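Have the viewer open as you read.

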Amino acid sequence: MANRLLGYQSGKGFLYDLSGTSKLLFFILVSVAVMTSYDTRFLVFVGVASLFLFKKAGIKWQDVSFVFVFVGFFALLNLIMIYLFAPQYGVDLYQSQTILIDGPGSYDVTLEELFYLFNVGVKYVSTLPLAVIFLITTHPGQFASSLNHLGLPYRFAYAVSLTLRYIPDLQEDFGAIRKAQEARGLELSKKASLLARVKGNIQIITPLIFSSLERIDTISTAMALRRFGRYRKRSWYQAKVWTKSDSLIVFLSFLIVIIAILLFYVNGGRFYNPF
């Protein structure tokens, strides 16, 4: 559904058949490699591969468009703040200055600064599709089992699973209450002012939070009555058997990390300097 943000959606395909553990390892290792590297060639390659996997997953754009717009807005805001507070950082970093537009004071628009900002932007393009793919193609139970298999205590892993299960339900409840309020005459669409929409949504969210706390208490009581957490280990109903495809994915993730490390030595650091 379009109102579900980053909730699991059942589907078929290569990504759905993978173990949650291998997908989580791939996401973590590739994200670390992308965040530590500023080699433009490496970042663009991972970004294109991420977009390809996103298309391969068959995820509908309307189901995740809000997430991309939301993250994209803050990514753009981050790039603007970088330029405002450090307009010559690219010049100092690459030891070169190619002025494209003369600006007041130190706010000259340089090719080096734009190149640095481009690298920062590509990092978002490289990691965000991978995060969306992992969360949408991985059942919450598989996610919890993968965390447990990576060493996280199953009590915490199960808490993460419950959170992922509950978020889509919370969104559906919010949408249903909002439609009911609009049917009663409360205008919450774009026709109303921003202040009126914020006030109306707060009136919906506040009681929804208290009802959510009651649900949490009910679930925790039920789990305590079933003696959850008594044993040090547990089995997982949603865990998948490790296959050759999982081994291949983990191998690729380590290969990407190795490539990122090798580029550190080739470039003499984290940054690729074409100037």
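Start with Leu-255, which you'll find in helix H10, the run covering residues 244-267. Its relative accessible area is 36%, so Leu-255 is partly exposed. Keep in mind that this is a predicted model. For a sense of scale, pick Phe-85 as well: Leu-255 and Phe-85 are 170 residues apart along the chain, and their C-alpha atoms are separated by 36 Å.

Now for the rings. How many aromatic pairs are there? The count comes to eight aromatic pairs. One of them is Phe-27 with Phe-134: the ring centres are 6.2 Å apart and the planes meet at 5°, so this pair is stacked. The cut-offs behind that call are centres within 6.5 Å and planes under 30 degrees apart. Phe-27 belongs to helix H2 (residues 20-36) and Phe-134 to helix H6 (residues 111-137), so the contact ties together parts that are 107 residues apart in sequence.

Buried or partly exposed: which is Tyr-89, and which is Tyr-116? Tyr-89 comes out partly exposed at 34% relative accessibility, while Tyr-116 is buried at 9%. Both tyrosines belong to one aromatic cluster, together with Tyr-38 and Phe-271.

Tyr-38 brings us to the charges. The charged end of Lys-123 sits over the ring of Tyr-38, 4.0 Å from its centre.

Side chains of opposite charge can pair when their charged atoms come close. Arg-41 forms a salt bridge with Asp-39, and the closest N and O atoms are 2.8 Å apart. The salt-bridge count for the model comes to one. Check the exposure of the two partners: Asp-39 has a relative accessible area of 0%, so Asp-39 is buried, whereas Arg-41 is partly exposed at 45%.

Definitions and conventions. Residues numbered from 1 in each chain as written. Predicted model: local features only at pLDDT ≥ 70, side-chain atom pairs only at ≥ 80, totals over all residues. Heavy atoms only, no water. Helix = DSSP H or I, 4+ residues; strand = E, 2+ residues; numbered from the N terminus. Buried < 20%, exposed > 50% of the residue type's maximum accessible area, 1.4 Å probe, protein only. Phe/Tyr/Trp six-rings, centres within 6.5 Å; stacked < 30°, edge-to-face > 60°. Lys NZ or Arg CZ within 6 Å of the ring centre and 35° of its normal. Salt bridge = Lys/Arg side-chain N within 4 Å of Asp/Glu carboxyl O.
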